[in-house]
Amino acid sequence: VKNKKYLIGKDFRQLTFKGYYDIAFTSEKKFYVTQTLNEWDVVVTGLVDQEEREVIPYAYSNIKVNPNDSLIIACSAGIGSAGEDDIFDYEGKKKTSSRRHIDMATKNFLIHKIFEPKEYYIIYNLASKEEKQLSADEVKFYDHDNVLVRIKNDWFIYELSTQQKKPYKPS
C-alpha cells in the first residue's frame, strides 16, 4: 500500500500486516514503536505488541522502553498544548505522569531532562519525592537504578540511590 511501512524479518518473513507511517524495533523484542498520522496530519507515536495489538495509544511524540524494569516511557512534547509524559507498565497501565519531560525511568526514579535555560537532568526519587540535579551531557539506561552518564568525553556508571559515579569502560 502506498506510503505505508511494514516490518520484515531477516528471513524476509513479514512481521507486521497493518501499514504504518513508520515502525521500529524496541529494546524489548515483544514491542514495536509505530507511528500514524492523526486527523490533522500530525505524526503520533504508539506502541504495539507482536500481534499488533495497541499497548500504548497514538498520543505521543516518542516512546522508549526500559526492559530492565519493564517500563514504557511516553513523551508528549509537541503533541497538543497540555501534554504530560507518562510511564506505563508492559500491560499498558499508566503508573505515573509528569508535566516535566521524562527522559527515562526506573522502578524507583524518574529522570527529567530540563532544556532551558540550560540543559541538565533532575533525578526524582518516587518513594521519597526528593529531587537532585545532575549535570551531564547524556544519560542512558544501564541496569535498574544505575544509569550511564556522559560528562564531556567520559562515561560513568551513576547509581541513582547514592548519587555515586564510577568510571565505565565498555567491554
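User: Which residue in E10 does Ala105 stand opposite?

Analyst: This is a predicted model, in which local features need pLDDT of at least 70, side-chain atom pairs count only at pLDDT 80 or more, and totals for chains, interfaces and linings use all residues. Residues are numbered from 1 along each chain as its sequence is written, and side-chain values use heavy atoms, without hydrogens and water. Strand E9 covers residues 102-105 and strand E10 residues 109-114. The residue opposite Ala105 is Leu110.

User: How many bridges join E9 to E10?

Analyst: A hairpin of 3 residues links E9 to E10. Two strands pair if DSSP finds at least two bridges between them. E9 and E10 run antiparallel, and the number of bridges joining them is 3.

User: How many strands does the protein have?

Analyst: Helices (H or I, at least four residues) and strands (E, at least two) are DSSP runs, numbered from the N terminus. The protein has 0 helices, and its strands number 16.

User: What is the radius of gyration of the protein?

Analyst: The radius is taken over C-alpha atoms, and the globule rule is 2.2 Å times the number of residues to the power 0.38. For 171 residues, a compact globule would have a value near 16 Å; the protein agrees with this, at 17 Å.

User: What percentage of the residues is buried?

Analyst: Buried means under 20% relative accessible area (1.4 Å probe, protein chains only). Of the 171 residues in the protein, the buried share is 41%.

Methods:
Buried means under 20% relative accessible area, exposed over 50%, partly exposed in between (1.4 Å probe, protein chains only).
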